[in-house]
Amino acid sequence: MADGRDARAGQVSSGCMPVFIPLSNGKIEEDEDGENSDDGQPYAVVAPDCNLWENYSRITFSFFDGNGIQRAKVHRAILKWAMYINLTFVECQSGGDIRIGFDEAAGSWSTVGTFARMVGLNEPTMNLGWINAETESTIPAEEGVILHEFGHALGLLHEHQSPARHGVLTFNATETIRDFRIAHSWTHDMVEESVLHVWNQSELSSHSRFDTRSIMMYSIPGTITEEGNTIQNNNVLSDLDKAYVILYYPRSRRDELCQEWTISRALELVGVDGEPQKNILKTENPDSIRQMFIQWNENNRTV
Ligand SMILES: [Zn+2]
C-alpha cells in the first residue's frame, strides 16, 4: 500500500490507499469501480459519517518504530489539523487508536477515519515511509505527507477521486497506469483504486467543489490528463480542507492559533447560506452541526 504523490519531485512521496471503506451496511467491501459522477455542482471528499470519529473524541496514537526525530515531525504536523477540530490527539506507549509505522519499504498510507478500529491491534493503521530520520527540521514535502495521511485518519478521501473532478480532471487511463508503474512501481489495481476510481455518492457523506489545492490531492503531471492540467504538490491545508473539518468536528471554542476560522467563515467558504446557514449558526451541538451540514450537502447534490 503505497503511493507516489511526491516521488516524482525527487523528494518524499505521499498519499495512500484507503483500500477498504466500511459501507453503511457495516460490511467491509473493496472499492467498486465506476465513473459515477454527479452534475459537477459545488459540493473536501469525506467518508460516510459512520466512518467519522465521534465529536470531542480523545484519539490516542502510538508509534511502532521510528526515532525521536521522526516522531517529533508527526507531533508538529498533527497540531496543524488539531487546531481546527474538536478531537484531542494524545500519544500513548502502544495500542493507540492510530498506530504509526515508519517502514521505508511500505510507502505512505493510512486507514480512513474509524476504520482504524477494525485493524488488528498488532498492526499499524498508518505508515509514513518517507520521513527522514536524521534531519531535524521538517521539509515541506514531509509535512505534506503527514498532513495527507492524517487527513485520511480524520475521514477525508482523495480529492482527485471526487465526483466533482468531472469535467476538470480527466485521467487518460493508459498513460496514468504507465506513469505510476514507471515512477512508483504501482500495479494496475493500485492505480485503479487510488487514482482512477471516482467515489460514488453513496460512499461519501459529502464532497466540496473540486479543490486542486487540497492536501488530499496527489500531484498530477499534465501528461496523464486529457485537459493537460498539471497539479503541483500541496503541502499545506487548503482553505476548503480547513472549512470541511471545522464543520465535521466543530469546536465550541476556537483555538487561539486560528481565531479567524469561525464556523460562520467555514460556511461562507463552502457556500452554505440562507436557512441552512442560519440553522447551523443557531446550534452549539456539534453532532447537530455535522448532521445539518451533511444534509445541506445531500440537498445540494440533488438540485
Ligand atoms: Zn492518500
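The buried residues of helix 5 are Leu240, Asp241, Lys242, Ala243, Tyr244, Val245, Ile246, Leu247 and Tyr248; a residue is buried if 20 or more other C-beta atoms, placed from the backbone, lie within 10 Å of its own, exposed if 12 or fewer, and partly exposed in between. Because nine of the 10 residues of helix 5 (residues 239-248) are buried, this helix is largely enclosed by the rest of the structure. The model is predicted: local features need pLDDT of at least 70, side-chain atom pairs count only at pLDDT 80 or more, and totals for chains, interfaces and linings use all residues. Residues are numbered from 1 along each chain as its sequence is written.

Across the protein, buried residues make up 46% of the 303 residues. The secondary structure comprises eight helices and seven strands, where helices (H or I, at least four residues) and strands (E, at least two) are DSSP runs numbered from the N terminus.

Five of the strands form an open sheet of mixed pairing in the order 4-3-5-7-6, two strands being paired if DSSP finds at least two bridges between them. Strand 4 (88-91) and strand 6 (108-110) are the edge strands, each pairing on one side only. From one strand to the next, the twist averages 25°. Strand 6 pairs with strand 7 (residues 126-128) in the antiparallel sense over three bridges, and Ser108 has Leu128 in strand 7 as its bridge partner.

In helix 4 (residues 188-196), the buried residues are Met190, Val191, Glu193, Ser194 and Val195. Helix 3 (173-184) is included in what covers them, contact requiring C-beta atoms, placed from the backbone, within 7 Å. Arg181 lies in helix 3 and counts as partly exposed because it has 14 C-beta neighbours inside 10 Å. The C-alpha atoms of Arg181 and Val191 are separated by 8.5 Å, the two residues being 10 residues apart along the chain.

The axes of helix 6 (residues 263-270) and helix 7 (residues 274-282) come within 10 Å and cross at roughly 160°; axes are lines fitted to C-alpha atoms, for helices over the stretch in contact, and angles run from 0 to 180 degrees between N-to-C directions. Helix 6 and helix 7 are therefore roughly antiparallel to each other, a term applied to angles over 145 degrees. The contact involves Ile263, Ser264 and Leu267 of helix 6 and Gln277, Ile280 and Leu281 of helix 7. By class, this contact has four nonpolar, two polar and no charged residues; Ala, Val, Leu, Ile, Met, Phe, Trp, Tyr, Cys and Pro count as nonpolar, Asp, Glu, Lys and Arg as charged, and the others, Gly among them, as polar.

Conventions:
Two residues are in contact if their C-beta atoms, placed from the backbone, lie within 7 Å. Angles under 35 degrees count as roughly parallel, over 145 as roughly antiparallel, 65 to 115 as roughly perpendicular and the rest as oblique.
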